[in-house]
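Hello,

Here is the structure we talked about.

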Amino acid sequence: MSLLKNIDTNPSFPPRESGPLPERLISGSPSFKTWAQDIARGEMIHTGVWEATPGETRSIKGETFEFCHILSGVVELTPEGGGPVVYKAGDSFVMKPGFVGVWKTIETVRKIYVTVM
């Protein structure tokens, strides 16, 4: 098993398709695709590519830390009690444990993610 892992930003294998939990949906009818590419430390660290179509959902990280690098599209994140921040292709950000806010996909977004639980 190699300790070096490439992340394929345009995977050829089929994604896991899903949608937001009904209680987290704010507006629109976004759909999600996840191309999970690596799991480490006994399921505590997940890495892959995620895509979402336009819509607005409530984002609640709980105890999860998430690093995101936007490959394409545009999103607006509004932390609870804060102002909106726009991220687009080439931008990177972290949602720390405890983050609560609104994730608004303005243009279909594709990102690389790393989550640590």
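Threonine 64 counts as buried because its relative accessibility is 17%, and the cut-off for buried is under 20%. Bear in mind that this is a predicted model. Threonine 64 sits in the loop between β5 and β6. Its contacts, leaving aside neighbours within four places in sequence, are Met95, Lys96, Pro97, Thr115, Val116 and Met117.

**The core**

The largest nonpolar core has 14 residues. Those that touch the most other members are Trp50, Val75, Leu77, Phe93, Met95, Trp103 and Val109. At least two core residues come from each of β4, β6 (65-79), β8 (92-95) and β9 (100-116). β6 gives the most, with four residues.

Take leucine 77 as one of these core members. Not counting residues up to four places away in sequence, leucine 77 touches Gly83, Pro84, Val85, Tyr87, Phe93, Met95, Phe99, Val102 and Trp103.

β8 has two faces. Phe93 and Met95 form the covered one. Ser92 and Val94 form the uncovered one. β8 also pairs with β6, in the antiparallel sense, over four bridges. Within that strand, phenylalanine 93 is the bridge partner of cysteine 68.

**The pockets**

Two pockets are worth a look on screen.

The largest pocket holds about 770 Å³ of space. Its lining has 24 residues. Arg16, Phe32, Trp50, Lys61 and Glu66 lie nearest its centre. Trp50 is also among the core residues that touch the most other members. β1 (16-18), β3, β4, β5 (55-60) and β9 each supply at least two residues of the lining. By type, the lining of the largest pocket splits into 10 nonpolar, eight polar and six charged residues.

The second largest pocket holds about 220 Å³ of space. It is lined by 10 residues, and Ser2, Leu3, Lys5, Asp38 and Ala40 are the closest to its centre. β3 makes the largest share of this lining, with three residues.

Most residues other than glycine have a negative phi.

Is arginine 41 buried or exposed? Arginine 41 counts as exposed, because its relative accessibility is 70% and the exposed class begins over 50%.

**Proline 15**

Proline 15 is in the segment before β1. Proline 15 counts as partly exposed because its relative accessibility is 23%, which falls between the cut-offs of 20% and 50%. Leaving aside neighbours within four places in sequence, proline 15 is in contact with Lys33, Thr34 and Trp35. Threonine 57 is 42 residues from proline 15 along the chain, and their C-alpha atoms are separated by 21 Å.

Best wishes

Terms used
Residues are numbered from 1 along each chain as its sequence is written. This is a predicted model: local features need pLDDT of at least 70, side-chain atom pairs count only at pLDDT 80 or more; totals for chains, interfaces and linings use all residues. Side-chain values use heavy atoms; hydrogens and water are left out. Buried means under 20% relative accessible area, exposed over 50%, partly exposed in between (1.4 Å probe, protein chains only). A nonpolar core is a set of buried Ala, Val, Leu, Ile, Met, Phe, Trp, Tyr and Cys residues joined through side-chain atoms within 4.5 Å. Contact means heavy atoms within 4.5 Å. Two strands pair if DSSP finds at least two bridges between them. On a 1 Å grid over the protein atoms alone, a cavity is a set of points where a 1.4 Å probe fits but cannot get out, and a pocket is an open set with protein on both sides within 12 Å along at least five of seven lines; lining residues have an atom within 4 Å of a point. Grid points are joined across faces, edges and corners, and a volume is the space filled by probe spheres set on the points. Ala, Val, Leu, Ile, Met, Phe, Trp, Tyr, Cys and Pro count as nonpolar, Asp, Glu, Lys and Arg as charged, and the others, Gly among them, as polar.
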